[in-house]
Amino acid sequence: MNCPLESKKIILGISGGIAAYKAAYIASALVKRGADVHVVMTDSALKLIQPATFWAITSNQVITDIFEPPQKREIVHIALPQSADIMLIAPATANVIGKLANGIADDMLTTMALVAKKIVICPAMNVDMYQNPVVVANMDKLRGLGYEIIEAESGRLACGDEGVGRLAEPDKIVEHLEAILSGASQDYSKINVLITAGPTHESIDPVRFISNRSSGKMGYAIAAEAAARGAKVTLISGPTDLAAPSGVEVAVVQTVREMYDEVISRVASSDLFISAAAPADFRPAQPKAAKIKKSDHYTLELDQTEDILAAVGASKGNTVVVGFAAETDDLIANATEKLHRKKADLMVANYVGEGSEVFGGEANQVTLITHQSEPVELPKMSKRSVAKQILDYVKSNFLEDVK
Ligand SMILES: Cc1cc2nc3c(=O)[nH]c(=O)nc-3n(C[C@H](O)[C@H](O)[C@H](O)COP(=O)(O)O)c2cc1C
């Protein structure tokens, strides 16, 4: 499948924020995906990072000065944004955001922004600046005018403060751009989706726990796909190494009990619940407060954990419920039995036995099982493509009335 960024002309506007160095990673990621990247820098950005970096990464001239005579017989600040597919401003300073919100065009970047068809803004600044009512109002105004804003993230800021203001993760920014340029339909824009992903950790003692081989990649792929199609997505994730998908609210939990509480408190307001997590079936009956010694001759007793999918199925109201059945034997029979027992609407059956490479892998081969129709066996494909197929199937079979 072609990458949505292949042969796309992208203007990367860089303004004078300390995160300007991260724009080099973004430029490189866009070029690797086949995009034709044209960098435009403000005077302040030039004081923080050298244009030669971007010339070397993009193989295009870096544009900095509105009065510099162009190489071709064309007015660059008009011709380039007219011909570009999208303009990305990363990082966007408070100053640039303020200028854009007020139609000010006093340099190359802001002038091009008045011509560009589609603009994505990635703000980055100190937390006090980010929460300043003028900046908040400017961002609201831009949103209302159709600009896409990829919100800054929380964390330790360059100035030493803690709080919101860090540039969104470069990979997230690139993913977001891919979603926009893929022309993904916004068919989930009215749908609230609640998804679980990953394993759980059930403590044996302070240093040991029971877990399983789930990587969380399938659930994260569904969350990313649903968000790209406009859904409001909440992801309840067990411990994983994965980055939060763009535009998804993530609550990280450790145990089945915590996952259960998060799901139950949110499921009533969800149109669709997808249980892609692998919560532990058992937890230690009496986790120890102190480390168990090798010499203790300890016998581990287990209790059953809460059954999250069954609890949701038993009281689901109007929520469409999708479960995953990871089986090593009698895949279809076991998954069909699970569909009935958990009162789910759809069961996604996947074989996880020897040679399947599902856990931690990038691909999956699943069969969709419902009460109404014959099982639909899908070929092996990437987890993101499986996510797309599941959402397509759910939309046409269960969500017609919501739209
Ligand atoms: C070291 C340094 C780091 C800065 N980082 C930021 C930043 O992260 N975000 C921001 O809005 N302004 C930041 N500023 C302030 C801007 O550079 C300043 O407002 C400038 O006028 C922005 O110009 P521009 O928007 O045309 O690039 C920083 C300034 C300095 C000296």
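## Backbone exceptions and the ligand shell

With 10 C-beta neighbours inside 10 Å, Ser-59 counts as exposed, because the cut-off for exposed is 12 or fewer. This is a predicted model. Ser-59 sits in the loop between helix H3 (51-58) and helix H4 (76-83). Its phi is positive, near 60°, and Ser-59 is not a glycine.

Lys-343 also has a positive phi, about 55°, without being a glycine. Its place is the loop between helix H13 (331-341) and strand S17 (346-351). Lys-343 counts as partly exposed because it has 16 C-beta neighbours inside 10 Å.

| Residue | Phi | C-beta neighbours inside 10 Å | Exposure |
|---|---|---|---|
| Ser-59 | near 60° | 10 | exposed |

Most residues other than glycine have a negative phi, and most peptide bonds are trans. A cis peptide bond is found between Ala-90 and Pro-91, with omega about 0°. Pro-91 belongs to strand S3 (residues 86-92).

Now the ligand. Which residues come nearest to it? They are Ser-15, Gly-16, Gly-17, Ser-44 and Thr-93, out of 15 residues around the ligand. Two elements give two or more residues to this shell: helix H2 (43-48) and helix H5 (94-101). H5 gives the most, with 3 residues.

How does the shell divide into nonpolar, polar and charged residues? It holds 8 nonpolar and 7 polar residues, and no charged ones.

Technical notes
Residues are numbered from 1 along each chain as its sequence is written. This is a predicted model: local features need pLDDT of at least 70, side-chain atom pairs count only at pLDDT 80 or more; totals for chains, interfaces and linings use all residues. Helices (H or I, at least four residues) and strands (E, at least two) are DSSP runs, numbered from the N terminus. A residue is buried if 20 or more other C-beta atoms lie within 10 Å of its own, exposed if 12 or fewer, and partly exposed in between; C-beta atoms are placed from the backbone. A residue is near a molecule or strand if its C-beta atom, placed from the backbone, lies within 6 Å of it. Ala, Val, Leu, Ile, Met, Phe, Trp, Tyr, Cys and Pro count as nonpolar, Asp, Glu, Lys and Arg as charged, and the others, Gly among them, as polar.
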